[in-house]
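Let's take a walk through a protein chain, starting with a handful of residues and ending with the whole fold. Keep the picture open while you read.

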Amino acid sequence: MALRWQSMGAPRLHIVDLNGAAVGEVCNLDIIRDIASAMLIPTQLGGGIRRLETVEQLLKAGVERVILSTAAVENPELVKEACNKFSESVIVSIDAMDGHVAIRGWRQETDLNALEFAGSMVRLGVKRFIYTDISRDGTLTEPNFTAIAEMVSAVKLPVIAAGGISSLGHLNVLKKLDVEGAIVGKALYTGDINLKKALAAFS
C-alpha cells in the first residue's frame, strides 16, 4: 500500500503504529523500517513513541518525522529534549474529544483543554502540530472545521488537519483555513477521495 500511494503521487506517508499506541511502545518496527527504506517520499510515524531513545531509533531507521501525543501530555520534558535535539523532526499530535485532549490510543480522556495544551507545547519548542478530532476520525462525515480554525489561530505554526476528511470539498475548506496539510486515511481506501484528483486540485 505504501508503494501504491507513493506511485500515485503522495507527497508524504503518514503511518500509525496502532499496536504501539495501545501498549505504549513501538510494536511494528520491522515493517516501519521496511516502509521507510523503500519510500522515496518522506514518512512520519506516530503511535507508542514515549522515549527519546525511540525517537532516535526511528529517525535512524529512516522515518523523517516522529509524532508525540501521549508522551507530550505525560512527559513534557521529553518534548522539550526532543525538540532541542531534533527540531523540525518532531510533531506533537493533539487528539481531541469535545475540546479536551485524549491519550493512550484515544482510550483515555483528560481534563486538558486542547488549545491551552497546544500553547504549552509551543513554549517547549514544538514547531508543528497535527490536530485530530477523534469523534470524526474514520467516520467519513466531515472535519471539525471550527476547532481546526481555532487551533491554527492559537498556535500560529503549521497545523496538519486530520479526522473526518472525506471529500475534495473538505480539503478546499481546510486550505482556506490555512492548514499546512491534511491527513487522509479511510477516505482513500473507500474511494471517497481519489488521491490523484485531490493532488491535481491542490497542487
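Buried means under 20% relative accessible area, exposed means over 50%, and partly exposed is anything in between (1.4 Å probe, protein chains only). Before going on, two notes on what you're looking at. This is a predicted model, in which local features need pLDDT of at least 70, side-chain atom pairs count only at pLDDT 80 or more, and totals for chains, interfaces and linings use all residues. Residues are numbered from 1 along each chain as its sequence is written, and side-chain values use heavy atoms, with hydrogens and water left out.

Back to Thr141: you'll find this residue in the loop between strand 7 (129–133) and helix 8 (145–155). Helices (H or I, at least four residues) and strands (E, at least two) are DSSP runs, numbered from the N terminus. Thr141 sits 24 residues from Ile165 in sequence, with 7.2 Å between their C-alpha atoms in space.

Here's how the residues on our tour compare in cover.

| Residue | Relative accessible area | Class |
|---|---|---|
| Ser93 | 8% | buried |
| Thr54 | 7% | buried |
| Phe86 | 18% | buried |
| Ser87 | 28% | partly exposed |
| Lys156 | 68% | exposed |

**The buried ones**

Ser93 belongs to strand 4 (residues 90–97). Which side chain does the side chain of Ser93 touch in a polar contact? The partner is Asp95, at 2.9 Å. A polar contact is a pair of N or O atoms within 3.5 Å; within protein, one must be able to donate a hydrogen and the other to accept it, and residues adjacent in sequence count only if both atoms are side-chain atoms. Setting aside neighbours within four places in sequence, Ser93 is also in contact (heavy atoms within 4.5 Å) with Ile67, Leu68, Ser69, Ile130 and Thr132.

Thr54 is part of helix 4 (residues 52–60). Once neighbours within four places in sequence are left out, Thr54 is in contact with Val26 and Ile49. Val66 is twelve residues away from Thr54 in sequence, and the C-alpha atoms of the two are 9.4 Å apart.

Phe86 is in helix 6. Again leaving out neighbours within four places in sequence, its contacts are Leu52, Val55, Glu56 and Leu59. Now look for His100: this residue is 14 residues from Phe86 along the chain, and their C-alpha atoms are 27 Å apart.

Most residues other than glycine have a negative phi. Keep that in mind for the next two. Ser87, in the loop between helix 6 (76–86) and strand 4, has a positive phi near 45 degrees and isn't a glycine. Lys156 isn't a glycine either, yet its phi is positive, about 55 degrees. Look for Lys156 in the loop between helix 8 and strand 8 (159–162).

**Zooming out**

What share of the 203 residues in the protein chain is buried? That comes to 46%. Looking at contacts between residues at least 6 apart in sequence, 62% join residues at least 24 apart.
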